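I opened the model to look up a handful of side-chain pairs, a few helices and strands, and some totals for the chain. My entries follow in the order in which I made them.

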Amino acid sequence: AAAAAAGPGAAAAAGDEEVCVVGIFGKTALQLCSEKEALVSTVCDRQVFPLFQQEDPELADGAPGQEGEPAAKDYNQLQAYYSQESRVLYLVLTSICDTPQLLRACGDLAAAESREAGPGHPSGGPAPLPHAEAHEFWKHQEKLHCLSLLYLFSVCHILLLVHPTCSFDITYDRVFRALDGLRQKVLPSLKAAIKDCPVGKEWKLNCRPCPPRLLFLFQLNGALKVDPLPGRGQDPCGHLEKPPPKKHSPKRRLQHALEDQIYRIFRKSRVLTNQSINCLFTVPANQAFVYIVAGGAQDGDDPVAVLLDQLRSNCTMRETDSLLAPTLSGPRRYQMMRHGRQQLSFHAESSSSSSSSSGQLVDCTLKEFLWQHVELVLSKKGFDDSVGRNPQPSHFELPTYQKWVAAALKLYEVTIEGKDDDPTSLTGELSSKIMGSIKVLEGYLDIDTKFSENRCQKALPMAHSAYQSNLPHNYTMTVHKNQLAQALRVYSQHARGPAFHKYAMQLNEDCYKFWSNGHQLCEERSLTDQHCVHKFHLLPKAGEKPEADRNPPVLYHNSRARSTGACNCGRKQAPRDDPFDIKAANYDFYQLLEEKCCGKLEHINFPIFQPSTPDPAPARDESSPAPPEGEIEKLKEKEPQTQGESTGLSLALSLGQSTGSLGTYPPDAQGGGDNAESHGQSGDSKSEKRPSLVDRQASTVEYLPGMLHSNCPKGLLPKFSSWSLVKLGPAKAYNFHTGLDQQGFIPGTNYLMPWDIVIRTRTEDEGDLDTNSWPAPNKAVPGKRSAVVMGRGRRRDDIARAFVGFEYEDARGRRFMCSGPDKVMKVMGGGPKESAIKALNSDMPLYILSSTQGRGLKPHYAQFMRLFVVVPDAPLQITLTPQVQPGPPPCPVFYPEKQEITLPSDGLWVLRFPYAYVTERGPCFPPKESQQLMSYKVLRGILKAITQ
């Protein structure tokens with residue numbers, strides 16, 4: 001309140017003196033001497049305010065606790081000066097409409113942009129402030145300016161509107177209508193604020209000493225020029241006589257025209273009515289309320305040059321001035337400083353003194369124009385500005401200085417400072433009410449936002465229609481985002497203005513609500529990369545039945561995609577649903593067929609998790625780095641051929657042979673075939689082998705939630721195996737000429753490729769010298785038993801023949817063998833002639849195009865599902881080492897729970913591969929483009945033969 005009630009002369013004011021309060025507000029031009037403070041200096045005939053204003057530190061730092069943010073600052077500033085001689089208190093409002101405050105606001109905005117951009121901004125400069133934020137900032141400052149104007153209209157008797165041009169700014173009509181609406185809204189709060197102040201009853205009732213009279217001050221700045229009279233030769237009518245002079249000067253005529261224009265505008269907009277007591281302000285009916293300052297700094301003048309000229313003129317002392325120099329002080333000193341400044345603003349001179357003798361009225365000075373209204377206040381006559389048939393007298397009160405300060409202080413705290421430190425206090429309540437009433441100003445001041453909101457509201461239904469066009473009843477997040485992008489494109493074509501972002505966010509929320517309110521499709525994808533067709537639902541818990549009528553429904557995932565698959569051994573086919581979890585894909589389906597087909601066959605079981613606690617927990621997702629390429633094969637090459645005899649046994653002994661927590665292990669024929677001698681010579685060693693180090697380190701507390709691969713933590717096993725190894729029968733169960741007799745094979749593709757293996761046999765000389773090599777009765781010679789006729793008249797006893805088949809199966813149950821990468825087998829009869837060596841030494845594709853494509857454009861893929869191996873009854877070992885990489889790098893390599901399996905001799909074995917490959921981070925989906933097929937592969941070296 002010090003800015004409103006203090007000043008250089010206010011401190012010396014007598015408390016009992018009655019004062020007239022004059023408020024000055026308006027806009028200033030981009031010139032040095034057009035400040036509103038110069039008006040007070042001109043009227044008082046002395047330098048009241050300094051020429052160059054220093055920045056207020058409180059204004060520079062912003063509001064307390066706001067850290068100097070531009071939006072938190074109030075750039076409105078009130079300055080006061082009390083003239084004790086004339087008993088007039090001047091209140092000068094400096095706002096964002098003035099050039100210095102406007103420059104400060106722009107500087108703060110630029111600083112805020114630099115802080116938001118930071119040093120690492122890509123453009124190297126400050127980021128531009130968004131249009132909506134900049135618009136909100138300027139409109140907020142305009143609302144704060146209206147609050148300051150409301151204060152001036154509540155405490156002043158006379159208001160002087162200063163404008164830098166000679167044309168009326170029509171925007172003031174909108175501002176005054178906004179102020180009138182705001183005043184009517186907050187009038188009850190203002191009454192409560194000054195109810196205890198020592199002022200009159202009418203002041204407390206109307207919250208102002210009187211309806212203030214508004215005066216207008218315009219500056220010409222060289223815009224008004226009297227045209228010279230035409231010459232003798234230029235006169236089109238030939239008039240040689242000088243026209244008679246008019247009664248009023250051009251400035252006076254412009255003044256009258258502006259008065260008529262202003263009055264008509266305010267009467268049309270209902271700002272001025274017949275009864276002055278109901279108006280925000282009044283204008284006199286029989287007195288001039290517009291004054292035009294003639295002259296002013298011309299356009300293009302340099303303010304620095306003007307100051308230098310003043311300095312020269314003041315420093316050049318004349319003889320008469322030197323005699324009076326010691327006695328100059330006060331107003332005379334100010335007049336001395338104004339010597340030679342006739343071009344500066346607000347210079348009150350009689351511009352028509354020379355023309356008074358010609359019959360024109362003499363124009364009054366600025367002080368004379370203002371003082372005719374001030375004298376009405378000081379004489380307590382008041383303003384009788386009501387018009388009409390029954391004019392009502394308006395209230396008027398001339399307060400003393402102390403009474404005015406008491407009322408002005410309360411109003412200042414409420415309207416401008418907004419003190420609400422104590423929420424229970426009266427001031428806090430009033431401030432919150434006034435701040436809430438500022439929204440009344442938005443309908444008057446923020447026309448751009450009002451138009452923008454109307455335009456954006458009309459664009460919203462069109463955007464909603466664009467979002468809902470061609471939509472299924474239930475759809476996924478991807479479809480929602482695509483439709484939302486289309487709706488935003490339609491919205492951006494029609495929406496404009498600062499409300500664009502606000503309603504774009506509303507459009508986003510509306511579309512999301514529409515999608516989530518019964519139209520949301522289940523986002524779960526099957527292991528074959530197909531969406532669940534149900535709307536958003538919950539999964540049944542253990543022992544809970546599906547309920548489709550609940551909200552949300554309780555259902556199992558279903559993509560409505562069905563395929564045909566074969567069992568572990570391949571002899572029986574059955575339809576299967578599209579799986580959504582690894583257990584249903586790689587275990588449950590085959591276990592159902594196991595009871596009908598493969599249950600009685602011989603199996604080699606893979607090790608699985610054996611819990612030691614009633615509630616084991618899944619392992620955390622702490623993926624170890626993937627080993628380099630070929631590391632697994634190098635490790636296998638370094639292992640001795642007789643596993644467990646040297647390395648495994650010694651490591652087991654070094655661990656103390658603590659096998660109590662590991663339980664019993666099945667024989668090698670059922671447990672994975674670690675011991676090669678137990679199958680080659682079954683009679684020599686029948687004792688169980690001690691488990692290897694990897695098996696002994698398997699955890700019994702944590703299990704692996706996914707499948708075993710190269711990036712999973714070591715020492716963990718899954719609850720079930722995704723692989724299966726089954727023995728269909730002895731080696732002679734496979735007929736080389738007819739192939740496999742199973743369902744689903746395409747004719748001519750059900751053959752296994754021969755694999756000739758060189759074995760070591762004794763020569764004929766060694767056989768004759770060995771007297772202990774006679775065969776037992778009813779037993780054939782081993783060498784002749786394995787002999788194979790290789791050509792006409794030739795017998796070679798060092799060759800054993802195995803058979804290998806790589807089987808692929810598509811979703812329709814069609815099966816076929818491949819004789820090489822991307823080469824489907826086709827045998828016309830008599831068995832295949834191509835050897836399996838080429839396929840064994842190559843990376844076989846995990847997916848290939850099916851041999852019979854459908855009618856659609858989408859390609860059908862067949863997946864590598866089974867490996868058939870016929871192990872002959874011969875002195876050799878065939879080791880199985882399957883490794884699958886179901887995707888491009890960095891996809892890990894999958895392998896069974898036992899990385900190396902020795903197949904017993906004399907058998908037809910089937911290794912069933914997983915239907916889906918899943919890691920802890922998610923499934924490895926099948927390829928979508930044929931160009932990626934080479935990245936999905938079964939690594940070479942799947943079979944190795946070791947002779948004994």
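Entry: I looked up R177 and found it partly exposed, with a relative accessible area of 30%; the classes I use are buried for under 20% relative accessible area, exposed for over 50%, and partly exposed in between, with a 1.4 Å probe and protein chains only. D173, by contrast, is buried, at a relative accessible area of 10%. The two form a salt bridge whose closest N and O atoms are 3.3 Å apart, where a salt bridge is a side-chain nitrogen of Lys or Arg within 4 Å of a carboxyl oxygen of Asp or Glu. D173 and R177 both lie in helix α6, four residues apart, which is about one turn of the helix; helices (H or I, at least four residues) and strands (E, at least two) are DSSP runs, numbered from the N terminus.

I note here, before going further, that this is a predicted model, in which local features need pLDDT of at least 70 and side-chain atom pairs count only at pLDDT 80 or more, while totals for chains, interfaces and linings use all residues. Residues are numbered from 1 along each chain as its sequence is written, and side-chain values use heavy atoms, with hydrogens and water left out.

**Entry: a salt-bridge network.** Across the structure I get 19 salt bridges by this rule. Which residues are linked with E807 in a network of salt bridges? The network holds E807, E809, R815 and R866. Within it, R815 bridges to E807 with the closest N and O atoms 2.8 Å apart, and both of these residues are buried. E807 also forms a salt bridge with R866, at 3.1 Å between the closest N and O atoms. Because E807 lies in strand β16 and R866 in strand β21, this pair ties together parts that are 59 residues apart in sequence. The accessibility of E807 is 0% in relative terms, so E807 counts as buried, and R866 is buried as well, with a relative accessible area of 0%.

**Entry: aromatic pairs.** My search of the whole structure gave 34 aromatic pairs; rings of Phe, Tyr and Trp (its six-membered ring) pair if their centres lie within 6.5 Å, and planes under 30 degrees apart count as stacked, over 60 as edge-to-face and the rest as tilted. F153 and F176 make an edge-to-face pair, at 6.0 Å centre to centre and 65° between the planes. Since F153 lies in helix α5 (residues 131-155) and F176 in helix α6 (residues 171-193), the pair ties together parts 23 residues apart in sequence. Both F153 and F176 are buried. The rings of F806 and F864 have their centres 5.8 Å apart and their planes at 35°, so I record that pair as tilted. It links distant parts of the chain, with F806 in strand β16 (residues 799-810) and F864 in strand β21 (residues 861-871), 58 residues apart. F806 and F864 are both buried. I also noted a cluster linked by ring pairs, including F153, F168, Y172 and F176.

**Entry: a three-stranded sheet.** I then followed an open sheet of three strands in the order β19-β28-β23, with antiparallel pairing; two strands pair if DSSP finds at least two bridges between them. Why is one side of β19 and of β23 left without a neighbour in the sheet? β19 (844-845) and β23 (884-886) stand at the edges and each has a single partner strand, so one side of each has no neighbour there. Three bridges join β23 to β28 (residues 936-938), and the bridge partner of V884 in β28 is V938.

Entry: Helix α2 (residues 37-44) is mostly covered, with seven of its eight residues buried, among them L39, V40 and V43. Just after α2, D45 takes a positive phi of about 60°. Elsewhere, P472 lies in the loop between α16 (447-468) and α17 (477-494), and at 42% relative accessibility P472 counts as partly exposed. P472 and L521 are 49 residues apart in sequence and 9.9 Å apart in space, C-alpha to C-alpha.

**Entry: totals.** The chain has 27 helices and 29 strands, and 45% of its 948 residues count as buried.
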